[in-house]
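Got a model open and want to know how to read it? Let's take it one feature at a time.

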Amino acid sequence: MNNRLKSGSALAVALGLSIATASAETVRIFWKDLRPATQPAAESVGLPMVAAKMPDRGETLSLKLRDRAIQLAGYALPLDRDGDLVYQFLLVPWTGACSHMPTPPPNQIVLVTPARPYRMSQAYQPVSVTGALQPGMEKSQLFILDGVSVIQSGYTVRKAEVANVDLVPDTITLPANSPWSFLNKKNN
C-alpha cells in the first residue's frame, strides 16, 4: 500500500508538472503585440483612420507569434451563430468596432473559431481567447442591420478555448462626447 501511495503521489506530481508546463507555454499577449512597432498603438478609436493613411494600411502582421499558444482578451463580435451559440467570431480591441464604428486595421482583428460552440449572451461580450495564433489575411462577412460588411482580419485562432472575462486590460474607452459612448457601459 505504501508503494501505491508513492505511485499515486508521483502520478499527481507528474500531472501537476505537465499542467504547469502546458500553461507556461501559453503567452499572454496584448493588442499592441499584434502590430509592428512603427504603427501607432490603439490608444484611441482614431487608429483606423491613422492606419488607413499608412503605406501598409495596418496589414503588417507580427510573425514572431506564429503557431504560438497565446491568450488575448478582447470583444467578441459574432459572425456565425445559431441563437446564443456562436461558431465563429471576430475578436476586436474595443466595443463597437466593425459594426458601429470604423473597422480596426487587419492586424488588430482576430478571426476565432472556438473548439466548441460558445454560448454568447450579447455582441461585444468581453472574452479571453486561448489557442495557436496564425498570421494571415482572411475576409469574413459581417451581417449588420443595414447590410453586409466585409471585414479583413490579420490573424486566426482555430480550436480556441474561449472564456468570459470581466475586463479587457488594454481596451479603448470612447470619449464621453462620442455618439457611441453608450458602448462604454459596464456589464452588470
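Q: Before I start, what are the ground rules here?
A: This is a predicted model, where local features need pLDDT of at least 70, side-chain atom pairs count only at pLDDT 80 or more, and totals for chains, interfaces and linings use all residues. Residues are numbered from 1 along each chain as its sequence is written, and side-chain values use heavy atoms, with hydrogens and water left out.

Q: What is the mean pLDDT of the protein?
A: pLDDT is the predictor's confidence in each residue, from 0 to 100. Here the mean is 76, and 64% of residues reach 70 or more.

Q: How many contacts beyond four places in sequence does the model have for residues 1–23?
A: Contact means heavy atoms within 4.5 Å. For residues 1–23, where pLDDT stays under 50, the count is zero. Residues 177–181 are also below 50, but that stretch has six contacts beyond near neighbours in sequence.

Q: Is Asn 107 buried or exposed?
A: Buried means under 20% relative accessible area, exposed over 50%, partly exposed in between (1.4 Å probe, protein chains only). Asn 107 has 0% relative accessibility, so it counts as buried. It lies in the loop between strand E3 (85–92) and E4.

Q: What lies 2.9 Å from a polar atom of the Asn 107 side chain?
A: That's the backbone oxygen of Thr 60.

Methods
Helices (H or I, at least four residues) and strands (E, at least two) are DSSP runs, numbered from the N terminus. A polar contact is a pair of N or O atoms within 3.5 Å; within protein, one must be able to donate a hydrogen and the other to accept it, and residues adjacent in sequence count only if both atoms are side-chain atoms.
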